[in-house]
Structure formats: C-alpha cells, structure tokens
Amino acid sequence: MDHTDLTQYLDYVLIAMLLAVGFAIVRLRNLFAVVMLTGVYSLLSAAWFVSLDAVDVAFTEAAVGAGISTVLMLGAMLLTARESEPAGAKRHWAALAVVVAAGAALFFAIPDMPVYGDPNSPANSYVGMDYMSSTPNEIAVPNVVTAVLASYRGYDTFGETVVIFTAALGVMLLLGFGTGRREDDDDAAAGKAAKAAKTEDKA
Amino acid sequence: MEWVNFVIALGVAAAMAIMLARLFAGPTLYDRVLAVNSFGTKTVLFLLVFSAIAGRQDAIDIAILYALINFVATIAILKFFRYRSLEIALAQMSLRKALDGEYEK
C-alpha cells in the first residue's frame, strides 16, 4: 500500500469532519458558535486542499477564510443579535429544488470531465506541459501553480494586489474604521506640536 | 514508518473530532474559544504529519501560516469579547483606559 492510499483515507476523515461542521453550522442557533465553526470549516477545507496538492488555494483559504473572514464576521455580529431566529415550520421547497437541480447538473457534468491523469486532457496537452517542463529550470519553485502565479504572471498578480489594497483602503476611508482613533491622533498631534515648540524654545 | 505516521495522523484526527464535539456542545463562549484554538493547533500537527506521510515539504509552510493565523484569530476573538469592538487597537485601548483611570475600578 503506497502513500497515496493512506492520504486518501485521511481525506475521508477530513471530509467527514467537514460534513459534521456543515451540519452544525446549519443547526446551531448561537451565532458566535457559528462564526467559530466557519473558521474551523475554512481550516479543515484548507487542510483538505493541501492533501489535494493545491497549496496555493490552501494558502488563500487559510488566510482569507480562517483569518480575515472570522474577524469580519465577528465585526458583523456587533451589528446584529447573538442568536439567530429559529427557522419556522414553513419549509423552503423552492430553495431545496434549486439546490437539488444545481447538484444534479454538477453530477451530470462529471462524466464529461477528463479522467484523472489522462495525458490527452486539456490540462496536460497544450501550454500546461510547457510550464511543467520549463519551471524547474527557469523558476526553480517546487509548486508549478505558485511559479505561474508569482513569477510568470508576476505583474498580473502584483496589479491584483494593488487593486485589492486600494479597494480595502477606500472601504476603510469610507466606513471610517479610524473614528475611534481620531482623539488619539489629535493627542499625538498636540504632543508633536508641544515637542516642536520645546525644540524651538531650545533653539 | 509510514504506518506509524498514519496511525499518528488518525490519532490527531480523533483529537480534532473531540475538539469539534466540544465546539458543538460547549456551553460557554470560552469553551468554544479554547476548542477553536486547540483545533487550530491540531490542524497544524495534522498537516505536519500529513507532509511526512505524503513526502511534501511545502505543507510545512501551510502549517506555519496556520499557526500564525490561529494566534491572530484567537487574539481578535478575545479582544471582541473584552471590548465589544474591533475598531480600536489593543495598545490604544489600554492607553485610553489608563488615561481615564479605569484600571483602578
């Protein structure tokens, strides 16, 4: 039995825990517990991505899902109640129908996908193999996806980072995350002014 | 050796499952905070054992990132419950409290 079989069993364990967390998120009424569980869900799914050898996705999931969105959800909880309303006796059959139809469509699409490891699949036949063969010589990064993202398309990624940073900056300026800090800033400014006056006196 | 690692991974997964049970049931907030923090630590261990089984060293980077994020998230959660706000940095909050003399209360 080689190690891919063993990691496959670990995948099953992770997926079982993901299922349990998903059901708990649906069932629990305590919103704080739900926020905690979404963080745990992100951690688990990122661990699963690692076992699927999608390290870059796992990085993003861990940083965004488990880190930032937990904090954002806690901030959102400040604006709302601590307990969610119990779902009424009325069932949402239309929503269930949409979900079932989407899931059935996904299952219907599975046979059209290329077999795992198929040498003639689109991922393995066009420019992908070129990246696979030239990455060790040109970039020397062990993960090819990381090499493409951070080196071959480095300017692209840099531009995305700048856009996201600008967006975050704009949101912060508009929503005023700095309101609590204004007094301190004023104090700091006053302190600076006093210091400047002192140095002027000395001069 | 691979089997030993696999058994260790299963043991860590069992510990994760126990933490999940505490997270589902946990009557107080602090049970849940501790369960999440401990769950994060066990995810780090799980990833390390996993990288040993699969022979992928890059999983160790993810494990380090998890450890960092786990720390920051726990601080954020605890700060949320201490101050009911995420707006003000911890250092500024304590400075303001010291200025207001609230620490004597």
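Start with chains A and B together and look for polar contacts across their interface: in this predicted model, two residue pairs, both at pLDDT 80 or more, are in polar contact between chain B and chain A, where a polar contact is a pair of N or O atoms within 3.5 Å, one able to donate a hydrogen and the other to accept it, with residues adjacent in sequence counted only if both atoms are side-chain atoms. The count of salt bridges between the two chains is zero, a salt bridge being a side-chain nitrogen of Lys or Arg within 4 Å of a carboxyl oxygen of Asp or Glu.

Next, select the side of chain B that touches chain A. The elements that give two or more residues to this side are α1 (2-25), α2 (29-54), α3 (58-83) and α4 (90-100) of chain B, helices being DSSP runs of H or I with at least four residues, numbered from the N terminus. By class, this side has 31 nonpolar, four polar and eight charged residues, with Ala, Val, Leu, Ile, Met, Phe, Trp, Tyr, Cys and Pro counted as nonpolar, Asp, Glu, Lys and Arg as charged, and the others, Gly among them, as polar.

Now show the largest cavity, by selecting L43(A), A66(A), V36(B), N70(B) and A73(B), which lie nearest its centre among 14 lining residues. On a 1 Å grid over the protein atoms alone, a cavity is a set of points where a 1.4 Å probe fits but cannot get out, a pocket is an open set with protein on both sides within 12 Å along at least five of seven lines, and lining residues have an atom within 4 Å of a point. α2 (31-51) and α3 (55-77) of chain A, together with α3 of chain B, each give two or more residues to the cavity lining, and α3(B) supplies the largest share, six residues. The lining has 10 nonpolar, four polar and no charged residues.

Finally, move to the second largest pocket, where T60(A), L149(A), T157(A), T161(A) and I164(A) lie nearest the centre and 14 residues form the lining. Of the elements giving two or more residues, namely α3, α7 (144-152) and α8 (154-175) of chain A, α3(A) gives the largest share, six residues. Eight lining residues are nonpolar, four polar and two charged.

For selections, residues are numbered from 1 along each chain as its sequence is written, and chains are lettered from A and ligands numbered from 1 in the order in which they are written. Local features need pLDDT of at least 70 and side-chain atom pairs count only at pLDDT 80 or more, while totals for chains, interfaces and linings use all residues, and side-chain values use heavy atoms, with hydrogens and water left out.
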